[in-house]
Structures are given as structure tokens and as C-alpha cells.
Amino acid sequence: YTGIYVLKFDSVENATSYKVYIDNETTAVKSVKSSGEYLTNKQLSKYSNGEHTFYLTAVYADGTESDKSEGVIVDKENSSEDDDIADNKAQEGDEES
């Protein structure tokens with residue numbers, strides 16, 4: 001394990017960026033431009049070891065944000081370097097006004 005959690009997901013048409021949420025928090029832990037970016041242990045330091053649910057949203061040029069993707073459960077303590085935190089596509093067309 002390298003201490004880096006790679007974000008892998010399908011892109012959403014017309015999305016300019018994506019936000020990563022953990023568990024039921026309303027504030028994103030990170031904003032990313034594309035799949036392949038990552039989260040580090042330092043960015044996740046406030047979260048205890050164990051299972052957490054990660055979600056993605058797509059953000060569009062006008063600032064609207066899609067609904068959260070289906071959650072992906074990640075075990076922070078026992079993750080391997082090959083784990084995909086988010087392997088789900090944010091739902092295109094589920095924009096919030």
C-alpha cells in the first residue's frame with residue numbers, strides 16, 4: 001500500500017470537474033479535473049481507519065452539480081494500491097438547480 005487512493009471513473013459529458021465526497025458529509029474532500037487523480041492519506045487524515053463510502057458528483061460550466069454517484073465502500077486501513085475509490089459514473093442529467 002502506497003498511501004495514495006487513485007480515483008478511477010468514467011467521464012461525464014460536459015462536466016468541467018468532479019467533486020469527491022466521503023460518507024454523509026456535505027463538503028467535498030477534493031475537486032478533481034479527471035479520472036486518475038488521487039487522494040492521499042494526509043487528505044484523509046480526519047477519517048478513522050475502517051470502511052467509508054466515497055461519492056462523486058459532476059460539476060458543469062454553469063456551476064450546477066449532479067446528484068452523487070452510487071457510493072463505493074473503501075476500507076481505509078486495508079486498502080491496496082490497486083483499489084478504485086470511485087468506479088462509478090456520476091449521473092449525467094441529474095443536475096441540481
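A cavity is a set of points, on a 1 Å grid over the protein atoms alone, where a 1.4 Å probe fits but cannot get out; grid points are joined across faces, edges and corners, and a volume is the space filled by probe spheres set on the points. A search of the whole structure on these terms returns 1 cavity of 30 Å³ or more. The model is predicted, so that local features need pLDDT of at least 70 and side-chain atom pairs count only at pLDDT 80 or more, while totals for chains, interfaces and linings use all residues. Residues are numbered from 1 along each chain as its sequence is written, and side-chain values use heavy atoms, with hydrogens and water left out.

**Cavity**

- The largest cavity has a volume of about 40 Å³.
- Its lining, meaning residues with an atom within 4 Å of a point, consists of Y5, I22, L44, Y47, H52, F54, V74 and K76.

**Nonpolar core**

- A nonpolar core is a set of buried Ala, Val, Leu, Ile, Met, Phe, Trp, Tyr and Cys residues joined through side-chain atoms within 4.5 Å; buried means under 20% relative accessible area, exposed over 50%, and partly exposed in between (1.4 Å probe, protein chains only).
- The largest such core has 17 residues, of which L7, F9, Y18, V20, L39, L44 and F54 touch the most other members.
- Two or more residues each come from strand 2 (15-22), strand 5 (51-60) and strand 7 (72-75), strands being DSSP runs of E, at least two residues, numbered from the N terminus.
- Strand 5 supplies the largest share of this core, 4 residues.
- Beyond its neighbours within four places in sequence, V20 is in contact (heavy atoms within 4.5 Å) with L7, A28, V29, K30, L39, F54, Y55 and L56.

**Charges over rings**

- A charge sits over a ring if NZ of Lys or CZ of Arg is within 6 Å of the ring centre and within 35 degrees of the ring normal.
- The charged end of K30 is placed over the ring of Y38, 5.2 Å from its centre.
- K68 lies over the face of Y21, at 4.7 Å from the ring centre.

**Positive phi outside glycine**

- N14, in the loop between strand 1 (4-6) and strand 2, has a positive phi near 70 degrees although it is not glycine; N14 is exposed, with a relative accessible area of 58%.
- D23, in the loop between strand 2 and strand 3 (30-32), is likewise a non-glycine residue with a positive phi, about 55 degrees; D23 is partly exposed, at 24% relative accessible area.

Note on methods
On a 1 Å grid over the protein atoms alone, a cavity is a set of points where a 1.4 Å probe fits but cannot get out, and a pocket is an open set with protein on both sides within 12 Å along at least five of seven lines; lining residues have an atom within 4 Å of a point.
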